[in-house]
Every structure is written in C-alpha cells, then in structure tokens.
Amino acid sequence: MPHFRCFWYIAAESRALGQQPLRCNVLDEELVLWRAEDGRAIAMLDRCLHRCARLSSGRVEGGRLHCRYHGWGYDAAGQVVHIPAEGGCPAGGRKLESPPFETCEQDGYVYVRLARPANAARDVPPFAMPHWQTPGWGRVRLVNRFDADVADCIENYIDVPHTAFVHAKLFRVSQGERIAATVIRENGMVRVVYHGERGNLGFWRYFLNPGNAPVVHEDHFYQPNITSVRYHLANGYQFIITSQSVPSQGRQTLVYTDLSYRFGWFTALARPFVRRAGQQVIDQDIDILAEQGEVVARHGRHYRYSAPDRIHRCVDEIRDAIARGEDARCLPPQTFEIEFYV
C-alpha cells in the first residue's frame, strides 16, 4: 500500500522512548526508534549495514546508536561514525541505504512518516488528540494489539449495532430502540450524527445518564486510520473515545486509544474505573475481531450489508481512493439518512 506511506502514524508513546532504542513495525517496515543527543526522535530501518543484526537490540551512547553485534555506531543522519574493528574511526562514507524517516512528536506520541506526498497540497498533519492537557478533563491511554487489519478495526470502533451483543450489559443491550442517523462524507472524513439515543448505555447509564435524557452522540472517521466517538450528556458530562489504528505487520494492527472524559467533580476520581471498563470493552473487541480475521483469512473479505453498514462503505470509499493514489478529500461530498434498531 505505497500511497498509505505518506500519512503520519504513531510509532510509540513519547514517554516510552527513553535512553534505549525501541523496535516497532509500521506498514510492514521494521523500524528502530531512538533519541539523538538533542532529544529528537530518530526512526531508521532496523538493520545494521555490517551483518544485518537488529539495531533495536543495541544501545545509545554519546548521541550514537551502536549495534550490539560488532559495535558499529550510527549518527542521527544514518551515517556510520564508529567501527571498533577499524580503530573507531571508519574509512569511507558508509551510510544506511535508506535515510532516516521523518518523525515528529505531538500530544505525547512519536509519529513517523515513511514517505512524503508527491504533492505538498496532499499533506495531512498528525491528528490532534481531543482535549490533550485541557484543564478539567481526564484521560486514559491504552495500547492494544489486534489480530485484524486496519479496515476491520476502524469499522469496529464506529459500529453501534455490535455493542449490544459483543458488549452486552457492559455498554449496551439489545432492546429494539430505534435510532436514526445523518451520515456526512466530505473532505476525507465521515461524520455520523445520531438522533434518538437515550439511556441504552449498559451499566454506565446509572452514572452517566440516570435520568434517561437524550444523548448527543457523534462518530467520526478521519483519513486514513483514525476514529473518534463522542458522547455529550444532558448533565454536561462528556466522553470521547479516540483510536488510531496503526498497520503493523501482516494482519496485525496496533491500536492507540485515548479515553478523554469530563465528569464534573468525579473527573479526578474516575481514572481507574474508566481504565478498567475501557480495557474490558477493548478485550471483547480483540476477541471478536480475531475470530472474524480467521474467517476472512480463509474466505476473503466478502461482506453483505445492512442499513448502518452504509457508514463503513463510506470509510472504504475513502481508503480505496487513497489506495488508488487519489486525494480522498476530493471525493464528491455525500449526505444521507439511515435508521436502524439496537
């Protein structure tokens, strides 16, 4: 998927990248992350020029990344600057065949981009995580590995009907509640505005919405791999679930999820409860997506659609445009209404 290489992907949490190198996989590229002497995050192919050992198993000393096999040292530009077997100062201009990849840090994440877009107008900056360090808001950050491809992870995170079955009682229950939604696809994103939702929030309704008041609920997809689910309740409480699904290797996807919340005075106490419930929901999704992935691997991704699945087709249209090398923001805008029951 060469055209997907032009987007920014999370490679690690900033706090995880300390003095020693980290190994990560993005779009089937094996990378080593490390910090230069000036603190910059550096991303290079995880392969020493000398005998192909992994640089991620080495060490960082004096602003250099050293391979643990024969001690070859690299600077932040990928230049070989130290070879012990040659007395420390290497002869010739040996350098990594692929230069270091672009990196940036934002909202506590290290992002990497494997290629630049051919047209600068197609550049899409890293996604700004909602309410990062906003006073009055709490946050839980979760990282999970899924045995599923990115498309199926994205679909799962903005899919309402499955919550009444996979997350029964924990999140929703199947009770035949009619829900209508306005679906808008434009500018490389999908926005879904739900109408008619009230108290079907499973166990959490007792705390989040005890009066069974109408719930303002929107789901968003942002190209190429980001979903954000947002709830705004009548009592002023807000809860946002933002996930970045990073294609790792094969069918594996590493998902970074931020749970952002504002629960009034309870915000300061809610963190352990939000973390536990959030991880429970994700564990259930990991299980069902692994099962789905086994069947897809055998039979292919041949799906049939019901009314709410039109949302997922909009996402597929955007990702298909990217795969063709097009700017998905130029797709014709669409707006339509759907209804379904949960």
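Colleague: In what sense do β5 and strand β6 pair, and over how many bridges?

Modeller: β5 and strand β6, which covers residues 64-66, pair in the antiparallel sense over three bridges, where strands are DSSP runs of E with at least two residues, helices are runs of H or I with at least four residues, both numbered from the N terminus, and two strands pair if DSSP finds at least two bridges between them. Within that pairing, Val60 stands opposite Leu65 in β6.

Colleague: Which sheet is that part of, and which strands are at its edges?

Modeller: The strands belong to an open sheet of four, in the order β5-β6-β7-β8 with antiparallel pairing, and its edge strands are β5 (59-61) and β8 (80-82), each of which pairs on one side only.

Colleague: Before we go on, what is the mean pLDDT, and where is confidence lowest?

Modeller: This is a predicted model, in which local features need pLDDT of at least 70 and side-chain atom pairs count only at pLDDT 80 or more, while totals for chains, interfaces and linings use all residues. Residues are numbered from 1 along each chain as its sequence is written, and side-chain values use heavy atoms, with hydrogens and water left out. The mean pLDDT (the predictor's confidence in each residue, from 0 to 100) is 91 for the protein, and 94% of its residues reach 70 or more. Confidence is lowest in helix α3 (residues 205-208), at a mean of 62, and highest in strand β10 (residues 109-113), at 98.

Colleague: What does β9 do with β10?

Modeller: Strand β9 (residues 102-106) pairs with β10 in the antiparallel sense over five bridges, with Gln106 opposite Tyr109 and Thr103 opposite Val112. Their hairpin has two residues between the strands, and Asp107 takes a positive phi near 55° there.

Colleague: And in what order do the strands of that sheet run?

Modeller: The order is β1-β10-β9, in an open sheet of three strands with antiparallel pairing.

Colleague: Switching to helices, how do α1 and α4 pack?

Modeller: Helix α1 (residues 150-157) and helix α4 (residues 271-299) pack at an angle of about 135° with their axes 11 Å apart, the axes being lines fitted to C-alpha atoms over the stretch in contact and the angles running from 0 to 180 degrees between N-to-C directions. The contact (heavy atoms within 4.5 Å) is made by Asp152, Cys153, Asn156 and Tyr157 of α1 and by Ile282, Asp285, Ile288, Leu289 and Gln292 of α4.
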